[in-house]
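Please read this note with the sequence and the structure side by side.

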Amino acid sequence: MTVTDPAETAAPPVDYAQLARELEAVVGPQGLIARPEQLRVYEADGLVAYRQTPALVTLPATTEEVQGVVRLCHRYGVPYVPRGSGTGLSGGAMPVAGSVVIGLSRMQRILDVDIPNQRVVVQPGVLNLWVTQRVAPHGYYYAPDPSSQQVCSIGGNVAENSGGAHCLKYGFTVNHVLGLRVVLPGGDVVDLGGPTLDSPGYDLTGIFVGSEGLLGVCTEITLRIVRKAEAVELLLAAFPTIDGAGEAVSGIIGAGIVPAAAEIMDALAIEAAEAAVHAGYPPDAGAILLVELDGHPTEVAAQYARVEALCRRAGATELRKARDAEERLLMWKGRKAAFAAAGRISPNYIVQDGVIPRTLLPQVLRDIAALGADYGLRVANVFHAGDGNLHPLVLYDDRNEGEEHRAEELAGEILKICVGYGGSITGEHGVGMEKRGYMPVMFSEADMETHQMIRCAFNPGNLCNPGKVYPTPRLCGEVPGKYRPHPLELAGVADRF
Amino acid sequence: MGVSVRAASPEALRDALGPLVGGRVRAAAEGDSVAGVRPAAVAEPGDEAAVAAVLALADREGLKVLPRGGGTQLGLGHPPAGGDILLDLGRLGAVVEYAPGDLTVTAQAGLRLTDLQAALAKEGQWLALDPALPLAATIGGIVATNASGPRRLRYGGVRDQIIGVRVARPDGTIARGGGKVVKNVAGFDLPKLFTGALGTLGVIIDATFRLYPIPAASRTVVLTAPEPAPLCDLTLRIIGSTLIASAIDVYGDTTSSEGPRLAVRFEGRRRRLRIRRGAWSRWRVILAQGRGPCAAKRRIGSSGAGCPSIRPGRPSPGWSAAPRSSCC
């Protein structure tokens, strides 16, 4: 088998000036960024602690232009990094050295709205919230709602398989994507999935969604939309301790109720959210639980009474029901602003994204608190309690010598705790650059080698978003099995990283 | 490596397989043929190590392996291009881990759906998949063939329920994707890749799923009409309404005695399922909202000019297979 890897194909130094001229011919002058001060805008995504200025940035406007850019990158042997709104929290859209960024923010058209068949076709730069805004007059919405939904793009959501508070009941991005048009590494354009459920053949849509930009660049996405529920109720319950809130959630799920969302915030997170958006959360609570129920009015009413009773039994000190849609939005605003609000109580913070089996919540939170005390750092907790997805916010001050490093270490230890309890290192933010070093905590060598076979099938040259997700990307010509050095490594041409 | 066991004889192949699967190997019977391909040997591994060993042997020897669960969907896909070993996964029949509080379960490939549902029902839960032939269909087969049933409308298909998978690759390496938590984006989504792959990428050892509580009550409304068109039209309007149906199927045709039928299943609390009073009147509202040529006059049980009548009918027997269902 032929070995193709960037180290080999990029052996002669790249003439970036010539590449820039050829790229400009594809995307036009307004679609190419080459000036150093402008390139710096793209040096990081939402994970700003990691930075790398790209060699060039392209902003293609059509599938054909994306294809042209990808083909040129392959001809020059230059790595390329797809990017949506750049709000990702794991460094998935962070440039790699010498790379061309393919920014999709000019592809912002909603191409088709088909209400009777409940689907919408969009370009990747379309913002998440625009889809809901477009179909809301017909009584529909787009279900996945990451906290960044006002700014994050559907293309980025596809790359990361984004979730949000309401995915407890309605599923993640992957459950709402029917089909994709993808520019594959190399430049071929293919359609995966289709306008209906269950296209025959392999579920390539399923494997592409959440692949963090390693398998190609999507340029059109067919989404499912969901009928707005007839009735919605939001309950805010305050508890003296976080254990009580966790117990209430277990009680609710154990009673056979699947809420649309169940979110917990601890005292520190409440303090931050209040400082930022004044959502009216009880200031002296040890924890608050937000439970949203939706569906048929009689069903919701019955469930609401049940949930209230379960919260009381778990020791709730205050129960508040959102009076109307406006109050519901305000109550959600505090939760959705919680990450950014951490800036109000700490100069710096790291957002983590571990997952645990939900029933172990109280135990894991005690472990995290103990660990925080050991490291001498505060940890605020915001989480999607219904599905056990924790977002510990590790607070630190980078002006204090060594504190940033300690914070990173603590964040990593928290992930190890999650895996130790049978969970995952990421529920919705992705592995990206940030957590690739923790993949071996969760997966064996054989597991990761098998995953790499998928990458090799789509992206054998490893030019498409290299260095992300997996700690040691295999060269695709290698025979699977026990590690043995690749001939290129022995020759000193290629490195494992 | 000595003489190829395949070249030698079917007996030699069975002799080579025997020690790998604790002697559970036999010659293929007529019923073991897959789309006309009759394998030389049927191996029944009892654990994942035995599956891996059989696959590693086949890989070394260039033998073709046909994995089989309950054998209910063997007609799907192309007929196999030959087959030396039929890998019968029926002995991998354990519930590996069931966490009712977390609404997750890990089950081995050979476990029959009906047995899994029985175990889950004790906790008031179920795997929200209702494919055909649940008495015979196995977990591995359901995943490999992406089998689902009418209630996919509400709960989604296999890809929406599966959260983890453990597979043996064709070279015998065991690998895992996903996990046992309902929310997880670490690594490529191997569970989805193996869903519907018809066993062409490897052999499923076990799979992990998210579960749902069994609804307190379930009711099915069946309507008939002389031709399918108004039923299809009604389907679109139900889907476009705020009614939450768990399943909507159109079946039968103009040649059958009862004509085309539309079955609509609702699940939830008992009270809300009082179909005769509440829901029927709501249905009339939906019907009246239609923009078709005869929408204004269309009502259940009556017919307007040029508008075929839609009237209540009986559900088909297949619809009573779900847990605790009580069809009306």
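The numbered points below concern a predicted model.

1. The contact draws 68 residues from chain A and 46 residues from chain B. Between them the two chains bury about 4,600 Å², of which 55% lies on carbon and sulfur atoms. On the side of chain B, the residues that lose the most area to chain A are Lys183(B), Val185(B) and Phe188(B), together 20% of what that side buries.

2. Three salt bridges are found across the interface of chain B and chain A. One of the salt bridges joins Arg159(B) to Asp203(A), with the closest N and O atoms 2.8 Å apart.

3. Which elements of chain B supply at least two residues each to the side that touches chain A? They are α7 (158-161), β9 (174-178), α8 (190-194) and α9 (228-239) of chain B. The most comes from β9(B), which gives five residues. By class, this side of chain B has 16 charged, 16 nonpolar and 14 polar residues.

4. In chain B, five strands form an open sheet with antiparallel pairing, in the order β5-β6-β10-β8-β9. Its edge strands, β5 (95-99) and β9 of chain B, each pair on one side only. On average, neighbouring strands of the sheet are turned by 10° against each other, direction ignored.

5. Strand β6 (residues 104-108) of chain B pairs with β5(B) over four bridges. Thr106(B), in β6(B), is the bridge partner of Glu97(B).

6. Helix α3 (residues 48-61) of chain B packs on the sheet and touches β8 (162-168), β9 and β10 (203-210) of chain B. The direction of helix α3 of chain B makes about 140° with that of β10(B).

Note on methods: Residues numbered from 1 in each chain as written. Chains lettered and ligands numbered in written order. Predicted model: local features only at pLDDT ≥ 70, side-chain atom pairs only at ≥ 80, totals over all residues. Heavy atoms only, no water. Contact = heavy atoms within 4.5 Å. Buried area = accessible area lost by both parts, 1.4 Å probe. Salt bridge = Lys/Arg side-chain N within 4 Å of Asp/Glu carboxyl O. Nonpolar A, V, L, I, M, F, W, Y, C, P; charged D, E, K, R; others polar. Pairing = 2+ DSSP bridges. Axes fitted to C-alpha atoms, helices over the stretch in contact; angles between N-to-C directions.
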